[in-house]
Amino acid sequence: MKKTYAILLFSVVSFSASAAGNISKGKVLAEKYSCATCHGKDYGTPIDPSYPKLAGQHRDYLEHALTAYKRGDAPNGRNNAIMTGQVKPLTNQDIKDLAAYFHSLPTTLVTHR
């Protein structure tokens with residue numbers, strides 16, 4: 001019984017970590033897709049003020065934005081040639097991993113309550 005309980009517990013913990021995104025995998029993806037080229041080496045100092053700061057951004061916002069870019073011109077999509085091209089090959093898990101990584105970074109973003 002204890003062995004079954006332990007297996008079940010580890011399965012739930014593993015699924016939760018995957019559902020939230022993997023920071024290490026997100027870092028690899030950010031480097032692979034050269035996100036720093038536009039969003040800055042620290043992902044908080046973009047090369048153009050119209051580009052968003054990614055470091056410390058809310059995970060759910062990042063997932064939503066990346067998914068919208070992946071949709072492109074489709075309903076509820078975002079149309080940007082560069083971003084759409086960058087995110088097209090990403091899986092849903094890749095998007096979660098990237099969002100987890102960017103969310104984990106130190107930030108200069110300020111939130112007001």
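What follows is a chat about this predicted model, from the overall layout down to single residues.

Student: Okay, big picture. How many helices and strands does the chain have?
Tutor: There are six helices and zero strands. Going along the sequence, that gives α-α-α-α-α-α.

Student: And how much of the chain is buried?
Tutor: Of its 113 residues, 30% count as buried. The accessible surface is about 7800 Å², and 60% of that belongs to carbon and sulfur atoms.

Student: What about contacts between residues that sit apart in the sequence?
Tutor: Take the contacts between residues at least 6 apart in sequence: 59% of them join residues at least 24 apart.

Student: You said predicted. What is the mean pLDDT of the chain?
Tutor: The mean is 87, and 81% of the residues reach 70 or more.

Student: Got it. New topic: which residues have the most contacts inside the largest nonpolar core?
Tutor: Those are Ala30, Tyr43, Leu98 and Phe102, in a core of 18 residues. Helix 2 (23-32), helix 4 and helix 6 each supply at least two of the core's residues.

Student: Which helix gives the most to it?
Tutor: Helix 6 does, with five residues.

Student: Then tell me about helix 6. How many residues does it have, and how far does it reach?
Tutor: Helix 6 covers residues 92-104, so 13 residues, and spans 19 Å from its first C-alpha to its last. That is close to the 18 Å you'd expect at 1.5 Å a residue.

Student: Which of its residues are buried?
Tutor: In helix 6, the buried ones are Asp94, Ile95, Asp97, Leu98, Ala99, Ala100, Tyr101 and Phe102.

Student: Switching to charges: how many salt bridges are in the whole structure?
Tutor: A search finds one. Lys96 pairs with Glu63, and their closest N and O atoms are 3.4 Å apart.

Student: What does that pair tie together?
Tutor: Lys96 is in helix 6 and Glu63 is in helix 4 (residues 59-71), so the bridge links parts that are 33 residues apart in sequence.

Student: Let's do loops. Where is Gln57?
Tutor: Gln57 is in the loop between helix 3 (36-39) and helix 4. Gln57 is buried, at 16% relative accessible area. Beyond neighbours within four places in sequence, its contacts are Leu62, Phe102, His103 and Leu109.

Student: And where is Thr91 found?
Tutor: Thr91 is in the loop between helix 5 (81-87) and helix 6. Thr91 is partly exposed, with a relative accessible area of 40%. Thr67 is 24 residues away along the chain, and the two C-alpha atoms are separated by 9.5 Å.

Key. Residues are numbered from 1 along each chain as its sequence is written. This is a predicted model: local features need pLDDT of at least 70, side-chain atom pairs count only at pLDDT 80 or more; totals for chains, interfaces and linings use all residues. Side-chain values use heavy atoms; hydrogens and water are left out. Helices (H or I, at least four residues) and strands (E, at least two) are DSSP runs, numbered from the N terminus. The expected span of a helix is 1.5 Å times one less than its number of residues. Buried means under 20% relative accessible area, exposed over 50%, partly exposed in between (1.4 Å probe, protein chains only). Contact means heavy atoms within 4.5 Å. Accessible areas come from the Shrake-Rupley method with a 1.4 Å probe; for residues, only the protein chains shown count as cover. A salt bridge is a side-chain nitrogen of Lys or Arg within 4 Å of a carboxyl oxygen of Asp or Glu. pLDDT is the predictor's confidence in each residue, from 0 to 100. A nonpolar core is a set of buried Ala, Val, Leu, Ile, Met, Phe, Trp, Tyr and Cys residues joined through side-chain atoms within 4.5 Å.
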